[in-house]
Amino acid sequence: MAPASRDPTAVDRSGPGLFRRAIAQAGLLLLAAVVAAVVTAWFHPPPPEANAREITLAQTRTDFVGEKILWVDARPSAAFSQEHIPGAVWLSEEAWDTGLAGFVEAWTPGRPVIVYCGSTSCGASRSVARRLMRELSVTGVFYLHGGWQSWKEEPR
Amino acid sequence: MALSASSAAAAAPLVWEQTDRSVVATPGQETATVVYAFHNASDHPVQITSINTGCVCTSAELAKDSYAPGEKGELKIQFTLGDRVGRQERLIHLATNDPASPTVMVRLVVDIPELAVVRPRLLFWKVGDALESKTAEIVLTQPEHSEVLEPKSTSAAFTAKLTAGARPGLYRLEITPTSTAETVHGVVHLPAVFHGKSRTLSVFVAVK
C-alpha cells in the first residue's frame, strides 16, 4: 500500500500536535507581553516622586486641621532671607546638607511637610520633596501648587 | 505657490544646530556649560527679546540681541550643579520679535553621578525608645576611586561604628544613642575621598 501523501497546508489535529502548538502559542504570547512590558517601562517609568503629592493652599487648610505644618522653602537663599512663610526652614539643592541640618532640627515624626518654591513654573519644590522622601525616608511630604506666589496672592 | 509662500512665512527664522543637549558631569565638577549655535535663516533681522531659564542655578548669555539675515549666534547656558544629584533637566525659553516664531525652547539635561549613596540619611528614635542601634547603608558607586574613613559624631549622645560590607564599596554605619530620655540632635560625619578629593558624608541623628 502506497503511503498517503501529506498535504503541507493540512493542520495536525492529533493530541500531541495540538498540545505542542498550544505551548508554542502560549510562549509567544508570554514573550509579546514581556516585550510590551519592558517597552512600556522604558518609555513610561513610574515618576520617582510618586509619593510626594502636589497640594493646594486650600487643601492645606482642610487636610491638616490642628496639625502644625513644617513649611520648607526651596527658593534661593536670597529670596528666603527677604521673606518667607512664617516658621519655614530653608532647604535648597544649592546647599543641600547645610539646609538638611535645619530641616532635621525642625522636623518631628508625623508632622506634615510642605515644600514650596517661587511659582508654578519652578521645579525645585518637587525635587526637594522627592529627595526628602528618598534620602531621609520622611513621609507625608507635599509640594505646594503655585508656590510662594500663591501664598502671597492669597487674601488674608 | 500660495502654499509655499505660506510655509516660508511660517518657518522659524532662527535655525538651531541642536536644541537638545545632554552632558554627564564629572566628579567634582561645579558647573556645566553648553553652547547652542544658531543662525538667522530669514530675510529680516530677528531680535531675541528675553530669555527665561526658570532657575537662578542656570544662566544664559548671548553676545548680542539682534541678528541680521544669515548671521550666526551662540547661546551659552551655564548650569551650577550645587548639591544636585541624578538627572537634571533645564528648559530655557527664548522670546523673539518674530511673529512666525515668537518663542523658542532649548533643553539641557545634565546627569550628575551620585558618588556615594547613603540611605537613610536620617536615623531617629522617639523619646523613651529602647537604646537599640540603627543602621545606614553606604554604597560607593565608584569604589576603585573612593574610600570612607572613620565616622565622627558631633554629639556625645550617639556612638557610631563603620563596618565594611560583603563587597567593595559597601559599608554599614551602625549608630546607637546613649540615652533616649530627652530630645537631642546630632550629625555623624564620614570623611571620604572621591577621585583624590576630600568630602564629608553626613548622617543626621535625632531623638525626638
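Q: What makes β10-β12-β16-β15 of chain B an open sheet, and how do its strands pair?
A: Four strands of chain B stand in the order β10-β12-β16-β15, and their pairing is antiparallel. Strands here are DSSP runs of E with at least two residues, helices are runs of H or I with at least four, and both are numbered from the N terminus. Two strands pair if DSSP finds at least two bridges between them. β10 (116-119) and β15 (158-164) of chain B each have a single partner strand, so they stand at the edges, with one side of each left without a neighbour in the sheet. From one strand to the next, the twist averages 20° (axes are lines fitted to C-alpha atoms, for helices over the stretch in contact; angles run from 0 to 180 degrees between N-to-C directions).

This is a predicted model: local features need pLDDT of at least 70, side-chain atom pairs count only at pLDDT 80 or more, and totals for chains, interfaces and linings use all residues. Residues are numbered from 1 along each chain as its sequence is written, while chains are lettered from A and ligands numbered from 1 in the order in which they are written.

Q: How do you know that β15(B) and strand β16 of chain B pair?
A: Seven bridges join β15(B) to β16(B) (residues 170-177), and the two run antiparallel. Pairing asks for at least two bridges. In this pair, B:L162 stands opposite B:L173.

Q: What makes β12(B) a partner of β10(B), and what joins β12(B) to β16(B)?
A: Four bridges link β10(B) to β12(B) (residues 134-140), in the antiparallel sense. B:V118 has B:I138 as its bridge partner in β12(B). β12(B) also pairs with β16(B), again antiparallel, over six bridges.

Q: Why is A:L144 called buried?
A: A residue is buried if 20 or more other C-beta atoms lie within 10 Å of its own, exposed if 12 or fewer, and partly exposed in between; C-beta atoms are placed from the backbone. A:L144 has 26 C-beta neighbours inside 10 Å, so it counts as buried. This residue lies in strand β5 (residues 141-144) of chain A.

Q: Which residues does A:L144 touch, leaving out those up to four places away in sequence?
A: They are A:I55, A:L57, A:I114, A:V115, A:Y116, A:S125 and A:S150. Contact means that the C-beta atoms of two residues, placed from the backbone, lie within 7 Å.

Q: Why is A:S137 called partly exposed?
A: A:S137 has 13 other C-beta atoms within 10 Å, so it is partly exposed. A:S137 sits in the loop between α5 and β5 of chain A. Its phi is positive, near 60°, in a residue other than glycine. Most residues other than glycine have a negative phi.

Q: Why is B:H195 called exposed?
A: B:H195 has 12 other C-beta atoms within 10 Å, so it is exposed. B:H195 lies in the loop between β17 and β18 of chain B. Although not a glycine, B:H195 has a positive phi of about 55°.

Q: What is the peptide bond from B:R119 to B:P120, cis or trans?
A: It is cis, with omega near -15°. B:P120 is in the loop between β10 and β11 of chain B. Most peptide bonds are trans.

Q: Why are the buried residues of helix α4 of chain A said to be on the same side?
A: The buried residues of α4(A) (residues 96-106) are A:G99, A:L100, A:F103 and A:V104. They cover an arc of only 140° around the axis, so they lie on the same side of α4(A). The arc is that of the directions from the helix axis to the C-beta atoms.

Q: What do the buried residues of α4(A) pack against?
A: In chain A, they pack against β2 and β3 (89-90). In chain B, they pack against β11, β17 and β18.
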